[in-house]
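Visitor: I would like to learn how to read a protein model. Could you take me through one, feature by feature?
Guide: Gladly. Here it is.

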Amino acid sequence: MPDSSTATGLHTGAHNPALLHHFAEPEQQRDAASLGMWVFLATEVMFFGGLFCAYLVYRRWYFPDFAAASKTINMGYGATNTAVLICSSLTVVLAVWAAQTARRTLLITSLILTMILGLAFLGIKGIEYREKFVEHHVPGASFSFEKVPIPGHPDEYANPRHAQIFFSLYFVMTGLHALHMIIGLGIFLWLLAMAWKGRFTPEWHTPVEIGGLYWHFVDIIWIYLFPLLYLIDRHL
Amino acid sequence: MSAHSSASASATSSPLKGYFAVWIALLVGTGLTVYAATLDLAPYNAAVALGIATIKATLVALFFMHVWHAGEKLIKVVVISALFFLLLLLGLTMTDYAARLWS
């Protein structure tokens, strides 16, 4: 192995202890980690994309029933949750910036604030789900959507079977999103523990950066879910 | 190399102002979406809602997820290919269903 001597020769000098030996420089190591996260997020785009595709097909077929079903969801909860997630995205970029600039107090505060906002999102979601259970709008044996008028056509009622498809998509899409939020909270709890121990430095804070990418991605999914599920034909 | 040095240069100057500006823009966008939903824009309600959502998502990706300043060009390739395949999925499916319901 003629190359091994030169390879070890390259690594005999003092270098950043956070730099793994198979990377040439810290930038390369950081870019590789980010790239890996972005490839994972691309698979997540396709994962949610299938659900968005199913939503579009059924929305096209059963638009009046979708509009009637969408109107029974509390728009205020959805809008509040959108604002909550946007604020949590701000606290995430603040956390990344704090890690880059070695501000430990700001890093820990931002991570805690992000988790509080994430829990607030799930709490509001829980209240919303509870209402749907009380109203028997959860797909299944006890589903009931009788005599709900179609927006703009007060003399016509929505087809309960078609409305049930809307609620199936609503629960699967918001449920999968909520599962991502719960996983995100787990990641941020771990980041908080690492930050508390002082593991992150301006040279190495890759977990904060790629954990942040994940959180922002979950925010982007919600940015699309909100108008698609909560705001169909609200003006009628 | 030049990409790396420009990325680290932008990291040293404080980006906080930009972060707060994007945050305000996202909140305004949310308010606009809710307001636009109460207006009767005939067939354009969905287009306006999705347009605002896309602007918000783009802001998050470019500035909060640092795609704009990404030193590694491969990240941009991954983002664009993810969008391309998503549009392929949605576009081809919808043209199929649109053409199927003509009878």
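This is a predicted model: local features need pLDDT of at least 70, side-chain atom pairs count only at pLDDT 80 or more; totals for chains, interfaces and linings use all residues.

Visitor: How much area is buried between chain A and chain B?
Guide: About 4,100 Å². Carbon and sulfur atoms give 82% of that buried area.

Visitor: How many salt bridges and polar contacts link chain A and chain B?
Guide: The count of salt bridges between them is 0. For polar contacts, the rule finds 3 residue pairs across the interface, both residues at pLDDT 80 or more.

Visitor: What is the general idea of a salt bridge?
Guide: Side chains of opposite charge can pair when their charged atoms come close. Over all chains, this structure holds 3 salt bridges.

Visitor: Where does A:Glu128 find its partner?
Guide: Its partner is A:Lys125, and the closest N and O atoms are 3.4 Å apart. Both residues sit in helix α5 (residues 104-134) of chain A. They are 3 residues apart there, so about one helical turn separates them.

Visitor: Are A:Glu128 and A:Lys125 buried or exposed?
Guide: Use the cut-off: buried means under 20% relative accessible area. A:Glu128 has 1%, so A:Glu128 is buried. A:Lys125 has 2%, so A:Lys125 is buried too.

Visitor: What does A:Glu135 pair with?
Guide: The side chain of A:Glu135 meets that of A:Lys132 in a salt bridge, at 3.0 Å from N to O. Now read the accessibility of each partner. A:Glu135 is partly exposed, at 35%. A:Lys132 is buried, at 1%.

Visitor: Which salt bridge lies in chain B?
Guide: B:Arg100 forms one with B:Asp96. Their closest N and O atoms are 3.0 Å apart. The two are 4 residues apart in helix α4 of chain B, so about one helical turn lies between them. B:Arg100 is partly exposed, with a relative accessible area of 47%. B:Asp96 is partly exposed as well, at 35%.

Visitor: How many helices and strands does chain B have?
Guide: Chain B has 4 helices and 0 strands. Along the sequence, the pattern reads α-α-α-α.

Visitor: What share of chain B is buried?
Guide: Chain B has 103 residues, and 30% of them are buried. Its accessible surface comes to about 6,200 Å², with 76% belonging to carbon and sulfur atoms.

Visitor: And how do I read contacts along the sequence?
Guide: Take the contacts in chain B with a separation of 6 or more. Residues 24 or more positions apart account for 55% of them.

Visitor: Which residues make the nonpolar surface patch?
Guide: A:Met46, B:Phe84, B:Phe85, B:Leu88 and B:Leu92 make a patch of about 470 Å². Helix α4 (residues 73-100) of chain B gives the largest share, 4 residues.

Visitor: Is B:Leu92 buried or exposed?
Guide: Apply the other cut-off: exposed means over 50%. B:Leu92 has a relative accessible area of 55%, so B:Leu92 is exposed. B:Leu92 is found in helix α4 of chain B.

Methods: Residues are numbered from 1 along each chain as its sequence is written. Chains are lettered from A and ligands numbered from 1 in the order in which they are written. Side-chain values use heavy atoms; hydrogens and water are left out. Patches are made of residues with over 30% relative accessible area and no salt bridge: like charges are joined within 9 Å, nonpolar side chains (Val, Leu, Ile, Met, Phe, Trp, Tyr) within 5 Å. Accessible areas come from the Shrake-Rupley method with a 1.4 Å probe; for residues, only the protein chains shown count as cover. A salt bridge is a side-chain nitrogen of Lys or Arg within 4 Å of a carboxyl oxygen of Asp or Glu. Buried means under 20% relative accessible area, exposed over 50%, partly exposed in between (1.4 Å probe, protein chains only). Buried area is the accessible area (1.4 Å probe) that two parts lose on being put together, summed over both. A polar contact is a pair of N or O atoms within 3.5 Å; within protein, one must be able to donate a hydrogen and the other to accept it, and residues adjacent in sequence count only if both atoms are side-chain atoms. Contact means heavy atoms within 4.5 Å.
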